[in-house]
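Look at the model below with its domains in mind. The paragraphs that follow walk through the place where they meet.

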Amino acid sequence: MKRTDLAELGEFGLIERIKSKVTTSQPSTVYGIGDDAAVIDSGSHYTLISTDMLLEGIHFDLSYTPLRHLGYKSIAVNVSDIAAMNGIPKQVTVSIGLSNRFSVEAIDELYEGILSACKNYNIDLVGGDTTSSQSGLVISVTAIGEVAKEAVAYRKGAKANDVLCVTGDLGAAYFGLQILEREKQVFLENPNMKPDLIEHEYLVGRQLKPEGRTDVIHELKEKNVVPTSMIDVSDGLASEILHLSQHSGCGFSVFVDNLPIENKTLLMANEFKMSPITAVVNGGEDYELLMTISQQDYELVKSIPEITPIGFVTNEKNNILVTNSGEHVPITAQGWNHLTTQK
Ligand code: ADP
Ligand code: MG
């Protein structure tokens with residue numbers, strides 16, 4: 001039998017392949033594989049279900065990740081996926097795989113972070129699973145959320161002339177990771193060197209302790225605005241724009257000048273001799289929301305300070321970045337592919 005390398009398919013190709021073998025038969029399954037969360041008809045509303053697994057050595061490095069932060073982040077990234085459907089998370093289950101390497105106190109610390117996030121987002125922890133692991137710490141979280149039926153936002157639904165908007169700022173988490181990796185190397189070479197992270201609190205914080213943007217979901221609801229499409233920015237702007245483009249069957253023009261980038265990110269890009277735009281487009285883990293909003297509704301949300309317009313939807317097939325000088329650069333990056341390159 002033919003043997004195909006996983007790397008040939010890539011992460012998204014593999015998910016597509018699994019999806020192609022799946023048919024759903026329950027009338028309550030409104031939307032299965034393919035969006036930020038599954039959508040289940042619960043009668044009065046839709047239930048949203050999203051799951052994410054974090055693996056030591058792939059998604060986090062315990063030499064610079066405090067367990068409390070890791071616990072917080074494992075909840076926040078799932079909150080982000082529920083928010084990306086325009087929903088509010090209500091419950092989570094948390095499963096862990098661990099070895100003797102961890103003390104009871106270490107696991108207490110992990111759960112301090114988990115419970116602090118649950119409190120912050122008003123989520124109940126309602127179950128999970130505990131197993132042993134030979135390959136480091138594994139944390140798998142499933143989040144369950146709710147959204148009014150008429151308010152659900154998918155990756156599909158963007159229409160020509162809609163305004164493309166993003167919450168918060170982009171690229172900071174990428175540089176947070178670069179700083180942590182740099183300080184780790186310095187420490188490995190000279191264990192007497194103390195990492196100087198306070199100075200980079202914002203960038204490092206964006207990497208270690210991201211937030212899901214339920215605040216923006218509440219604000220959209222207050223304005224009675226439902227995005228025509230939405231996704232969370234976990235793999236970099238390019239990857240997410242391509243997802244919206246594929247699902248919605250339209251193109252995007254994004255203005256480089258409009259991208260929300262913090263001054264601290266710009267300064268750090270300079271220090272790393274890297275373009276901040278590359279970090280925004282191909283970085284990841286910002287956990288902001290990328291959405292399209294109809295021109296009419298845009299009038300209602302433009303006063304929300306967390307939301308920045310960065311481009312618009314076109315009838316074209318291609319997706320382009322428009323630079324300050326008016327140059328058109330195709331958006332082609334596929335985000336971070338864990339199956340070919342590890343973070
Ligand atoms: P996100 O980055 O928003 O968490 P993913 O790229 O991980 O989204 O997943 C995209 C879609 O594919 C989701 O609907 C997810 O549930 C589904 N998916 C991912 N892996 C699998 C799998 N092994 N089996 C079934 N569905 C999967
Ligand atoms: Mg997502």
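In this predicted model, 2 salt bridges are counted between domain 1 and domain 2. A salt bridge also joins the side chains of lysine 184 and aspartate 61. The N to O distance there is 2.6 Å.

Which elements give two or more residues to the side of domain 1 that touches domain 2? They are α2 (67-83), β4 (88-98) and α3 (104-121). Of these, α2 gives the most, with 9 residues. By residue class, this side of domain 1 divides into 15 nonpolar, 8 polar and 6 charged residues.

Now step back to the domains themselves. Domain 1 spans 6-151, and domain 2 spans 163-330. Their centres, taken over C-alpha atoms, lie 21 Å apart. Domain 1 brings 29 residues to the contact, and domain 2 brings 27.

Next comes area. The size of an interface is often given as the accessible area lost when the parts come together. Here domain 1 and domain 2 bury about 2200 Å² between them. Carbon and sulfur atoms account for 58% of that area. Which three residues supply more than any other three of the area that domain 1 buries against domain 2? They are Tyr64, Lys73 and Asn86, which supply 28% of that area.

Note on methods: Residues are numbered from 1 along each chain as its sequence is written. Chains are lettered from A and ligands numbered from 1 in the order in which they are written. This is a predicted model: local features need pLDDT of at least 70, side-chain atom pairs count only at pLDDT 80 or more; totals for chains, interfaces and linings use all residues. Side-chain values use heavy atoms; hydrogens and water are left out. Domain bounds come from an automatic or database domain assignment. Contact means heavy atoms within 4.5 Å. Buried area is the accessible area (1.4 Å probe) that two parts lose on being put together, summed over both. A salt bridge is a side-chain nitrogen of Lys or Arg within 4 Å of a carboxyl oxygen of Asp or Glu. Helices (H or I, at least four residues) and strands (E, at least two) are DSSP runs, numbered from the N terminus. Ala, Val, Leu, Ile, Met, Phe, Trp, Tyr, Cys and Pro count as nonpolar, Asp, Glu, Lys and Arg as charged, and the others, Gly among them, as polar.
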